[in-house]
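Subject: Handover of a protein model with a ligand

Dear colleague,

Please find below the structure that I am handing over to you.

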Amino acid sequence: MPPVPRRILPADQPALLALNNQHAEAVNALPPEGFAALCARAAWSGAVWEGGRPLGFLLALGPEGPATGPNHAWMQAHHPEAAYIDRVVVEAAAQGRGLGRALYAALAAWAAGAGFTRLGCEVNLDPPNPGSMAFHARLGFETAGEATDPRNGKRLRYLVTGTRRPLIAHFLRSPDEAPLSGAPGLNTSPAEPPDRVADPQIA
Ligand SMILES: CC(C)(COP(=O)(O)OP(=O)(O)OC[C@H]1O[C@@H](n2cnc3c(N)ncnc32)[C@H](O)[C@@H]1OP(=O)(O)O)[C@@H](O)C(=O)NCCC(=O)NCCS
């Protein structure tokens, strides 16, 4: 069963920032104050933990308010109907276990309820990120555009989910799978009782 990502709390941020910065080529490094500001601004956040260790997290933004950067600005201008995935990271040793899919499924369940009809993101073309490109293709994302990030010269591709099927359907392995079912052993951290269930997030 997929794990239940839980909302990111302020006390979680140091561990998640360290995980973020281990993947700086894919998601750009941030200073603590930048990561805290992003968490505060996020429309949806979720992380998966195992015994106090973060295995992965996702931060998503809506189209409202000032852009947090050129990629959020692109998504605001071209796909305001999309919840924008600012960053997603699954630690190297936990990749391939379905955690990325579970984070997206939980985001999509919230996003559909909040009126979004797509998810959107960007993936680096140069330096290339073929793993992330394959992951997003597998989940049904389609090319929406390309650009060069003026902050760092990275070439990147914007991706959005299609609208031919319901948003949540992109992220379920089968039609009868529940999007927010739990998995024993995950999401147990000192800050979080093991029996805590998903924290529905309000737009
Ligand atoms: C990209 C990333 C989030 C994927 O997370 P993950 O937990 O490894 O992905 P999942 O295990 O949920 O995989 C979901 C599906 O994508 C496929 N997939 C994932 N990574 C893949 C890869 N490298 N090559 C081919 N397929 C891949 C899986 O086979 C799986 O298919 P299935 O569910 O139909 O069996 C993770 O690899 C990561 O954090 N990478 C480093 C940081 C990064 O690049 N972030 C994204 C920046 S745009």
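How many residues surround the ligand, and which are the closest? The ligand is surrounded by 21 residues, and the closest are Ala26, Gln95, Gly100, Gly131 and Ala134. A residue is near a molecule if its C-beta atom, placed from the backbone, lies within 6 Å of it. Two or more residues of this shell come from each of α2 (24-27), β3 (82-90), α5 (99-113) and α6 (130-138). Helix α6 gives the most, with five residues. By class, the shell has nine nonpolar, eight polar and four charged residues. Here Ala, Val, Leu, Ile, Met, Phe, Trp, Tyr, Cys and Pro count as nonpolar, Asp, Glu, Lys and Arg as charged, and the others, Gly among them, as polar.

Two remarks on conventions are in order. This is a predicted model: local features need pLDDT of at least 70 and side-chain atom pairs count only at pLDDT 80 or more, while totals for chains, interfaces and linings use all residues. Residues are numbered from 1 along each chain as its sequence is written.

Overall organisation

The protein has six helices and six strands. Helices (H or I, at least four residues) and strands (E, at least two) are DSSP runs, numbered from the N terminus. Their order from the N terminus on is α-α-α-β-β-α-β-α-β-α-β-β. Of the 203 residues, 38% count as buried, that is, with 20 or more other C-beta atoms within 10 Å of their own; 12 or fewer make a residue exposed, and values in between partly exposed, with C-beta atoms placed from the backbone.

A residue at the ligand

Ala26, one of the residues closest to the ligand, lies in helix α2. Ala26 counts as partly exposed because it has 17 C-beta neighbours inside 10 Å. Leaving aside residues up to four places away in sequence, Ala26 touches Asn124, Asn129 and Ser132; contact requires C-beta atoms, placed from the backbone, within 7 Å. Ala26 and Pro128 are 102 residues apart in sequence, yet 8.7 Å apart in space, C-alpha to C-alpha.

The sheet

Six strands form an open sheet in the order β1-β2-β3-β4-β6-β5, with mixed pairing; two strands pair if DSSP finds at least two bridges between them. The edge strands, β1 (44-50) and β5, each pair on one side only. Helix α6 packs on the sheet, touching β4 (118-126), β5 and β6, and its direction makes about 150° with that of β4. Such angles run from 0 to 180 degrees between N-to-C directions, and axes are lines fitted to C-alpha atoms, for helices over the stretch in contact.

Strands β5 (residues 141-148) and β6 (residues 155-161) pair in the antiparallel sense over seven bridges. Phe141 has Thr161 in β6 as its bridge partner, and Glu142 stands opposite Val160 in β6. The two strands form a hairpin with six residues between them, and Gly153 in the turn has a positive phi of about 75°.

Two crossing helices

The axes of α1 (residues 13-22) and α3 (residues 32-41) come within 10 Å and cross at roughly 110°. The two helices are therefore roughly perpendicular to each other, a label for angles of 65 to 115 degrees; under 35 counts as roughly parallel, over 145 as roughly antiparallel and the rest as oblique. Gln13, Leu17 and Asn20 in α1 meet Pro32, Phe35, Ala36 and Cys39 in α3. By class, this contact has five nonpolar, two polar and no charged residues.

Yours sincerely

Technical notes:
Contact = placed C-beta atoms within 7 Å.
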